[in-house]
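Here's a quick walk through one protein model, meant to be read with the structure open beside you. Could you keep the viewer handy as we go?

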Amino acid sequence: MAAPAANLKIDGDRLWDSLMEMAKIGPGVTGGNNRQALTDEDAEGRALFQRWCEEAGLIMGLDQMGNMFARREGTDPEALPVYVGSHLDTQPTGGKYDGVLGVLGGLEIIRTLNDLNIQTKHPIVVSNWTNEEGTRFAPPMLASGVFAGVHTQDWAYARQDAAGKTFGAELERVGWKGDEEVGARKMHAFFELHIEQGPILEAEGKEIGVVTHGQGLSWTQVTVTGKDAHTGSTPMHMRRNAGLAMARILEAVDAIALDNAPHALGAAGHIDVYPNSRNVIPGKAVFTVDFRSPDLSVLEAMEARMKTEAQAICDRMELSVEFEKVGGFDPVTFDEGCVTAVRSAAERLGLSHMNIIAGAGHDACWINQKTPTAMVMCPCVDGLSHNEAEEISIDWARAGADVLFHAVVETAEIVA
């Protein structure tokens with residue numbers, strides 16, 4: 001495969017203008033976006049994306065999960081397409097770039113090829129995956145998970161939001177349910193551009209993250225049961241304090257993650273204590289331990305150690321404890337050839353870069369099970385994401401999209 005010439009670059013100003021135009025749909029309260037999956041705002045954002053794709057001469061496909069596939073034909077009708085994309089849905093208090101950069105960066109590849117009248121052997125398809133965020137319909141990466149065979153379509157259709165509305169019914173309501181069988185498409189490769197959602201690239205002064213792996217995830221819900229009691233009249237040695245046990249378990253979680261540094265992570269984001277009253281010793285605590293590692297054996301060992309230490313803590317305090325695995329996925333190793341295409345593109349363009357591990361889940365993590373896959377990352381200010389204050393620079397967006405362009409076009413093979 002011949003690599004594109006180093007002077008071939010996308011139109012960074014046009015990409016930025018598209019990002020800002022999309023951000024007008026589903027505006028947040030403080031400058032970000034609220035464009036949750038299968039809302040009216042999501043439907044409006046999809047319509048704008050489709051219009052742009054049609055203006056670029058692309059043919060839109062739509063499957064039964066609402067995944068959008070905008071295709072530019074190649075010169076070889078037998079060649080499998082190279083796919084590129086991410087997601088347009090956001091968190092309730094999301095930023096303007098998480099996911100959207102990857103979709104519009106893919107569209108910018110097509111616009112640039114059109115500008116330069118460049119043809120490729122393989123077709124190129126720009127994708128928008130439905131409900132990546134999972135904020136309205138859990139779990140995240142839902143539609144790409146169905147595409148990859150991780151979830152069944154019926155199960156996905158039955159997911160409910162907080163109001164009891166189902167994914168399937170809302171997909172019908174907003175008018176973005178297609179006829180195409182989910183997962184039937186064959187791919188040559190898949191690439192996804194995304195903001196880092198962490199502080200490493202900015203701290204290291206690097207313009208590009210070459211994503212070699214994705215963190216594995218283990219979510220274990222822990223329920224500690226003691227006894228509610230009055231805080232003012234129950235002697236210390238007679239208390240069965242579930243809140244205290246939770247604190248000691250979470251201290252152990254922190255130690256376990258630190259013992260597996262530098263790539264392992266551990267914390268609890270979801271925490272409930274009962275009855276949650278100022279003058280009542282908690283009789284029950286329910287919390288979810290989130291462990292992450294790019295090494296499956298480390299991930300499993302951390303989970304096992306947490307259970308052993310939590311059980312010992314509760315035994316000493318005469319409390320009961322229960323564990324329930326409520327989510328997770330194995331670590332991802334991205335395709336060596338696709339990763340090399342990303343790294344070579346950064347080098348060819350003279351951009352500073354480093355290998356990086358994706359700490360969050362992405363559609364690419366599931367699509368990697370179907371076809372050779374890689375990711376490109378660009379920095380974000382202070383590593384902040386899933387927040388309306390999420391920010392990147394136009395130069396970071398341009399650099400990430402240039403690398404994406406070169407990796408995708410090299411893989412799709414320019415026709416002389």
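First, the ground rules. This is a predicted model, so local features need pLDDT of at least 70 and side-chain atom pairs count only at pLDDT 80 or more, while totals for chains, interfaces and linings use all residues. Residues are numbered from 1 along each chain as its sequence is written, and side-chain values use heavy atoms, with hydrogens and water left out.

**The cores**

Let's start inside. A nonpolar core here is a set of buried Ala, Val, Leu, Ile, Met, Phe, Trp, Tyr and Cys residues joined through side-chain atoms within 4.5 Å; buried means under 20% relative accessible area, exposed over 50%, and partly exposed in between, using a 1.4 Å probe and protein chains only. The largest core has 98 residues, and F49, L104 and F191 touch the most other members. Helix 12 (residues 394-412) gives this core its largest share, eleven residues. A second, separate core has 22 residues, among them A245, I256, M306 and M317. In soluble globular proteins, nonpolar side chains tend to be buried together.

What does F191 touch, leaving aside its neighbours within four places in sequence? Its contacts (heavy atoms within 4.5 Å) include V82, Y83, C338, V342, L404, A407 and V408.

**Helix 12 and its partners**

Helices (H or I, at least four residues) and strands (E, at least two) are DSSP runs, numbered from the N terminus. Axes are lines fitted to C-alpha atoms, for helices over the stretch in contact, and angles run from 0 to 180 degrees between N-to-C directions. Helix 1 (residues 12-23) packs on helix 12 at about 110 degrees, with the axes 9 Å apart. That makes helix 1 roughly perpendicular to helix 12. In this contact, G12, D13, L15 and W16 of helix 1 meet I394, A397, R398 and A401 of helix 12.

Helix 10 (residues 336-348) also packs on helix 12: the axes come within 8 Å and cross at roughly 125 degrees. Helix 10 and helix 12 are therefore oblique to each other. For the angle classes, under 35 degrees counts as roughly parallel, over 145 as roughly antiparallel, 65 to 115 as roughly perpendicular and the rest as oblique. On the helix 10 side you'll find A341, V342, A345, A346 and R348, which meet V403, H406, A407, E410 and T411 in helix 12.

Most residues other than glycine have a negative phi, and most peptide bonds are trans. Here are some exceptions to look up:

| Site | Feature | Value |
|---|---|---|
| A138 to P139 | cis peptide bond | omega near 5 degrees |
| A261 and P262 | cis peptide bond | omega about 10 degrees |
| Q197 | positive phi, not a glycine | about 65 degrees |
| E318 | positive phi, not a glycine | about 60 degrees |

Where do they sit? P139 is in the loop between strand 4 (124-128) and helix 4 (142-147), and P262 is in the loop between helix 8 (242-259) and strand 9 (265-274). Q197 lies between strand 5 (189-195) and helix 7 (200-204), again in a loop. The loop from helix 9 (296-316) to strand 12 (320-329) holds E318, which is exposed at 59% relative accessible area.

**One more proline**

P282 is in the loop between strand 10 (280-281) and strand 11 (284-293). P282 is buried, at 18% relative accessible area. The C-alpha atoms of P282 and A242 are 5.6 Å apart, though 40 residues separate them along the chain.
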